[in-house]
Amino acid sequence: MRAKIVAGNWKMNKTVSEGAQLVEELKSGLAKVDASDVTVVVSPTYVSLSEVVKIAAGSLVNVAAQNVHQEANGAYTGEISADMLKSVGVGYVIIGHSENRTTGETDLIINKKIKSSINNGLKIIFCIGETLLQRKKKLTHKILKNQISKGLKGVKKLNKVLFAYEPVWSIGTGIVPKANDLEKNVNFIRNNLSNKFRLKNPKILYGGSVNTKNVKNLKEINIIDGFLIGAASQDPKKFIDIVKKTFN
Ligand code: PGA
């Protein structure tokens with residue numbers, strides 16, 4: 001069993017007080033779980049980050065931002081830079097989520113975001129994955145290879161990057177890939193990272209419709225290091241249940 005990381009992505013959900021309450025519940029729920037070798041991550045919206053960081057301090061819960069701007073500062077209305085994230089005490093940032101790729105985030109922008117975040121001491125959850133159409137056209141490996149090589153081009157300190165394989169057709173649909181499909185694709189990612197980037201033991205999460213029911217089967221796929229979870233991470237009971245099932 002390799003799984004060690006359970007990361008939640010709240011997306012555009014939870015007010016500051018709702019987020020604070022969720023983390024309080026997570027903290028007390030996780031205190032009862034033997035999860036000492038588990039990394040639990042939550043990803044609130046920007047406006048909740050500092051409050052959640054404060055509440056999570058000293059607990060098992062780590063905090064990620066859901067995105068970052070690629071530039072350090074300047075005339076970018078509404079955007080947040082990596083050093084701003086660092087200044088509120090965030091440890092991680094999700095980069096390359098398909099919901100952002102589909103609204104114009106290119107591989108080049110993703111690459112700049114990764115570099116800027118690493119320069120500011122953040123760890124990255126780098127999302128990659130194929131769409132349904134790409135899958136049907138048997139382009140999955142080509143797409144993954146491309147996203148990896150463009151996203152990581154010139155990136156140093158690759159050990160700061162966690163990977164989240166998220167087939168776009170699995171996100172929010174209730175559909176998870178078959179075990180052998182998932183194994184094949186995660187192995188492909190692993191081999192690619194090893195051959196092209198000399199990354200010997202990268203952490204690779206699976207994301208897409210992970211829930212309290214399917215997590216037991218998914219955790220049997222022992223080449224996966226954990227999960228990135230959207231909907232089910234927004235309910236503390238479900239999220240704690242997933243953490244328990246992942247590590248028991
Ligand atoms: P989901 O989202 O668990 O709701 O499918 C996963 C994600 O977008 O990372």
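Some housekeeping. This is a predicted model, where local features need pLDDT of at least 70, side-chain atom pairs count only at pLDDT 80 or more, and totals for chains, interfaces and linings use all residues. Numbering runs from 1 along each chain as its sequence is written, and side-chain values use heavy atoms, with hydrogens and water left out. Helices (H or I, at least four residues) and strands (E, at least two) are DSSP runs, numbered from the N terminus.

Now helix α2 itself, residues 49-56. Its buried residues are Leu-49, Val-52, Val-53, Ile-55 and Ala-56. They sit on the same side of α2, because they cover an arc of only 165 degrees around the axis. That arc is taken from the directions from the helix axis to the C-beta atoms. Buried means under 20% relative accessible area, exposed over 50%, partly exposed in between (1.4 Å probe, protein chains only). What covers these buried residues? The cover includes α1 (16-31), β2 (39-43), β3 (61-65) and α3 (82-87). Contact here means heavy atoms within 4.5 Å.

Back to phi. Most residues other than glycine have a negative phi.

Take Lys-138. Its phi is positive, near 60 degrees. Lys-138 lies in the loop between α6 (132-136) and α7 (140-152). It is exposed, at 74% relative accessible area.

Then Ser-209. Its phi is also positive, near 60 degrees. Ser-209 is in the loop between β7 (204-207) and α9 (215-219). Buried or exposed? Ser-209 is buried, with a relative accessible area of 16%.
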